[in-house]
Amino acid sequence: MPLYDLRESNEKISTVRKYIVPSRIVDGKDVDNEKVLLCDSTSQTAIGTTDTAHLHENGYVLLDFGSEIHGGICLNIASVFNHKQQGSYDKSYGKARLVFGESVSEAMSTVGDENGALNDHAFRDMTVDVCTLSTRIFGNTGFRFVKIQAVDCEFKIKSAKAVLEYRDLEYKGSFRCDDDMLNKVFDTAAYTVHLNMQNYIW
């Protein structure tokens, strides 16, 4: 790809990006047809989409992606209706709260609460803008669970897929013994190191 007059950095990025479909719905409140989010539908927005999950104002859905990953979430928003905005055009956008967690309790927590939830190092609890017929990626953190909540509006979601980002590196070492638990500990440790090897080793 020609870069023309762009000043390219010597720092290179060599990550692979994959979309991950939720494996299950853990919890939900004031949400209809949430099971549609478990389907592997395309992330293309389209006018007239009807097979969607409907989050009512203050409603939420908590998704489990099956394993800890690094990346964000891609939301395909079919429609937004904001009762507080004036005019028909202005009603097509609003705010959603996204909370990423490596556990259910972390994804259901609030930054600053008595349990010590923080946004240090990476934002895991954020309020974002959503609008009708949009596909956007939010977040850059380690997580397994994501809570999606309608804040000041209600909206319909066509899909909510995790965006797994990793460096496609060869595992050059290995370990096996006659203790299955110890083998799992090694595999988990190697996988965790791999997740933390983005541009650098964190």
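Is Arg124 buried or exposed? At 7% relative accessibility, Arg124 counts as buried, where buried means under 20% relative accessible area, exposed over 50%, and partly exposed in between (1.4 Å probe, protein chains only). Before we go on, please note that this is a predicted model, in which local features need pLDDT of at least 70 and side-chain atom pairs count only at pLDDT 80 or more, while totals for chains, interfaces and linings use all residues. Residues are numbered from 1 along each chain as its sequence is written, and side-chain values use heavy atoms, with hydrogens and water left out.

Let's stay with Arg124 for a moment. Its side chain meets that of Glu106 in a salt bridge, at 3.6 Å from N to O; a salt bridge here is a side-chain nitrogen of Lys or Arg within 4 Å of a carboxyl oxygen of Asp or Glu. Arg124 lies in the loop between α1 (104-107) and β5 and Glu106 in helix α1, so the pair ties together parts that are 18 residues apart in sequence. Helices (H or I, at least four residues) and strands (E, at least two) are DSSP runs, numbered from the N terminus. Glu106, at 27% relative accessibility, is partly exposed.

The count comes to eight salt bridges. Another of them joins Asp64 and Arg144, at 2.8 Å from N to O. Because Asp64 lies in strand β3 and Arg144 in strand β6, this pair ties together parts that are 80 residues apart in sequence. Asp64 is buried at 1% relative accessibility, whereas Arg144 is partly exposed at 23%. Together with Arg24, Asp64 and Arg144 are linked in a network of salt bridges.

Now for the nonpolar side. A nonpolar core is a set of buried Ala, Val, Leu, Ile, Met, Phe, Trp, Tyr and Cys residues joined through side-chain atoms within 4.5 Å. The largest one has 31 residues, and Ile73, Leu98, Ile148 and Phe155 touch the most other members. The elements giving two or more residues to this core are β3 (53-81), β4 (93-101), β5 (125-131), β6 (134-150) and β7 (154-167), with the largest share, 10 residues, coming from β3. Leaving out residues up to four places away in sequence, Phe155 touches a set of residues including Leu55, Ile77, Val130 and Ile148, contact meaning heavy atoms within 4.5 Å.

Finally, have a look at Ser134 in strand β6. Ser134 is buried, with a relative accessible area of 9%, and its side chain reaches the backbone oxygen of Cys131 at 2.6 Å.

How values were computed:
Polar contact = N/O pair within 3.5 Å; in protein donor to acceptor, adjacent residues only side chain to side chain.
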